[in-house]
Amino acid sequence: MVRPYTITRGRTAPERDDLTLITVLTTAEAEADAALARGSRAGARGLQPEHRLILDRCRRPAAVAEVAAGLDLPVSVTKILLGDLIAQGLLKARAPLSVARAAGGVDLGLLTAVREGLRRL
């Protein structure tokens with residue numbers, strides 16, 4: 001068993017404070033594939049096995065809570081690892097729907113039309 005502070009290189013808090021349990025994450029495919037092809041080096045920091053698992057898991061959109069559960073790590077440790085990948089441009093984070101709505105980025109009419117279309121199927 002590896003201690004969480006070893007996985008995070010001694011860091012106890014994430015650099016980003018905007019990651020919530022429902023923040024949706026997706027892998028930046030081209031950048032991630034290039035980083036993995038360079039011998040698991042991304043910038044000055046190498047990718048740890050947990051980073052690779054996150055990149056693989058997030059090839060399909062996943063919430064922070066799902067990623068943490070899949071890694072079997074505490075959410076606080078997972079957020080630190082996610083912050084590393086986001087800073088390196090290997091992972092994209094999208095605000096939860098409620099935050100996007102507050103920013104005026106969600107068209108509720110469109111979402112309603114999609115929901116109704118799905119119900120008709």
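**Close-up views of helix 3**

**View 1. Crossing of helix 3 and helix 4.** The axes of helix 3 and helix 4 (residues 64-71) cross at roughly 130 degrees and come within 10 Å; axes are lines fitted to C-alpha atoms over the stretch in contact, with angles from 0 to 180 degrees between N-to-C directions. Helix 3 is therefore oblique to helix 4 (under 35 degrees is roughly parallel, over 145 roughly antiparallel, 65 to 115 roughly perpendicular, the rest oblique). The model is predicted: local features need pLDDT of at least 70 and side-chain atom pairs pLDDT 80 or more, whereas totals for chains, interfaces and linings use all residues. Residues are numbered from 1 along each chain as its sequence is written, and side-chain values use heavy atoms, without hydrogens and water.

**View 2. Residues joining helix 3 to helix 4.** From helix 3, E50, L53, I54 and R57 meet E66, V67 and L71 of helix 4, contact being heavy atoms within 4.5 Å. This contact comprises four nonpolar, no polar and three charged residues.

**View 3. P49 in helix 3.** P49 lies in helix 3 (residues 49-57), helices being DSSP runs (H or I) of at least four residues. P49 counts as exposed because its relative accessibility is 56% (exposed is over 50%, buried under 20%, partly exposed in between; 1.4 Å probe, protein chains only). P49 and I7, 42 residues apart in sequence, are 9.3 Å apart C-alpha to C-alpha.

**View 4. H51 and D84.** H51, also placed in helix 3, is buried at a relative accessible area of 2%. The side chains of H51 and D84 form a polar contact at 3.2 Å (a pair of N or O atoms within 3.5 Å, one able to donate a hydrogen and the other to accept it; residues adjacent in sequence count only if both atoms are side-chain atoms).

Note on methods:
Helices (H or I, at least four residues) and strands (E, at least two) are DSSP runs, numbered from the N terminus. Ala, Val, Leu, Ile, Met, Phe, Trp, Tyr, Cys and Pro count as nonpolar, Asp, Glu, Lys and Arg as charged, and the others, Gly among them, as polar.
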